[in-house]
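Hi,

Here is the structure I promised to pass on. Have a look at it first, and then read on for what I found.

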Amino acid sequence: MALFGSSEKKPEVKTDFMFDTDSTINQSTLAKDIKINGSLESTDYIDFSGHLTGTIKSQTINLKPGSYVKGTVTADTITIEGEVDGDIQAKDIYIKSTAKIKGNIRYQNIDIQNGSIINADLFYSS
Amino acid sequence: MDENNTEMDENNSELASDEIQSTPIDNDSKAVNIGSGVRVDGRIEGAETSDVSGTLTGTLKSSNININSKGAFSGDMSGQEITISGNVDGEINSESYLIVNNSANIKGVIEYASLQVSYGARIQGTLRHRGSVQSYTPISDDEIKEDEISENQESDQ
């Protein structure tokens with residue numbers, strides 16, 4: 001009887017846990033000192049402050065001040081506060097005043113704050 | 001009273017005839033205003049403020065430029081502070097502020113010092129920041145050698 005009781009409780013705990021993981025967004029934060037050569041991929045959210053040579057892909061990407069990406073950045077929503085040298089592709093792109101961009105930008109909606117330094121080709125696609 | 005009145009009338013008529021004969025007062029405001037529905041084709045230089053709500057084709061040089069939401073411009077424009085809310089096809093050269101509003105539709109080359117773009121604006125083309133060192137791909141030694149070789153071959157023939 002005691003065993004049966006405990007096995008009844010366990011699923012309850014498990015379902016609560018499952019429910020929590022379903023409702024929360026997987027958020028990855030990569031700090032300043034991280035250096036990546038290769039590709040970085042996530043299904044939800046990346047806060048990136050490091051250096052990357054290669055590709056970065058996610059649903060939402062925040063390239064923080066001081067970050068540097070040489071290569072390709074692909075996401076639904078990208079906020080750029082750092083430096084990018086390469087191709088950027090997103091539905092929504094927010095370029096902040098601290099951003100420095102060189103390369104190609106493919107977008108559906110773009111928002112640029114003054115102060116940013118952009119030397120790039122822009123491609124609008126609906 | 002009657003005499004005075006006639007005198008006044010004479011004076012007035014004199015003034016009126018003077019006004020008709022004299023040319024209109026010079027406009028020193030250096031302002032260009034192209035209303036909606038108006039089409040202009042040509043070159044505008046030395047203007048201080050230019051407001052375009054109509055269609056302007058050609059070259060526009062003005063300190064302040066406003067291409068309003070109904071306005072359309074095609075050609076080259078250069079100025080200090082430029083605000084785009086309408087259609088532009090061509091080259092934009094801004095020495096200080098360039099503001100692109102959400103109703104703007106730009107195709108071409110944009111050279112700017114400070115740029116602000118509102119969410120919703122469409123830009124198709126090249127952005128160049130003034131003051132940035134533009135990267136030119138240097139001619140590699142191989143290409144020079146190839147050129148020399150081809151020249152030599154031509155001279156041999």
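Before anything else, a word on terms: when I say two residues are in contact, I mean that they have heavy atoms within 4.5 Å. Please also keep in mind that this is a predicted model.

Let's start where the two chains meet. On that definition, 19 residues of chain A are in contact with 19 residues of chain B. Going by area, about 1700 Å² is buried between chain A and chain B, and carbon and sulfur atoms give 44% of that. On the chain A side, A:Ile112, A:Leu122 and A:Tyr124 lose the most area to chain B; together they make up 30% of what that side buries.

Which elements of chain A give two or more residues to the side that touches chain B? They are β7 (83–95), β8 (100–112) and β9 (117–124). With 8 residues, β9(A) gives the most. Sorted by type, the residues on this side of chain A come out as 10 nonpolar, 6 polar and 3 charged.

What about polar links across the interface? I get 14 residue pairs in polar contact between chain A and chain B, counting pairs with both residues at pLDDT 80 or more. For salt bridges between chain A and chain B, the count is 0.

There is strand pairing between the chains too. β9(A) is joined by 3 bridges to strand β10 (residues 122–129) of chain B, and the two run antiparallel. Within that strand, B:Leu127 is the bridge partner of A:Ala120.

Now for chain A by itself. Chain A has 1 helix and 9 strands, and along the sequence the order is α-β-β-β-β-β-β-β-β-β. Of its 126 residues, 36% count as buried. If you take the contacts in chain A with a separation of 6 or more, residues 24 or more positions apart account for 0% of them.

One residue I'd point you to is A:Ser58, in the loop between β4 (51–57) and β5 (60–63) of chain A. Is A:Ser58 buried or exposed? Its relative accessibility is 9%, so A:Ser58 counts as buried, the cut-off being under 20%. A polar atom of the A:Ser58 side chain lies 3.1 Å from the backbone oxygen of A:Asp44. Leaving aside neighbours within four places in sequence, the residues in contact with A:Ser58 include A:Ser42, A:Thr43, A:Tyr45 and A:Ile46, as well as A:Thr74, A:Ala75 and A:Asp76.

Cheers

Notes. Residues are numbered from 1 along each chain as its sequence is written. Chains are lettered from A and ligands numbered from 1 in the order in which they are written. This is a predicted model: local features need pLDDT of at least 70, side-chain atom pairs count only at pLDDT 80 or more; totals for chains, interfaces and linings use all residues. Side-chain values use heavy atoms; hydrogens and water are left out. Buried area is the accessible area (1.4 Å probe) that two parts lose on being put together, summed over both. A salt bridge is a side-chain nitrogen of Lys or Arg within 4 Å of a carboxyl oxygen of Asp or Glu. A polar contact is a pair of N or O atoms within 3.5 Å; within protein, one must be able to donate a hydrogen and the other to accept it, and residues adjacent in sequence count only if both atoms are side-chain atoms. Helices (H or I, at least four residues) and strands (E, at least two) are DSSP runs, numbered from the N terminus. Ala, Val, Leu, Ile, Met, Phe, Trp, Tyr, Cys and Pro count as nonpolar, Asp, Glu, Lys and Arg as charged, and the others, Gly among them, as polar. Two strands pair if DSSP finds at least two bridges between them. Buried means under 20% relative accessible area, exposed over 50%, partly exposed in between (1.4 Å probe, protein chains only).
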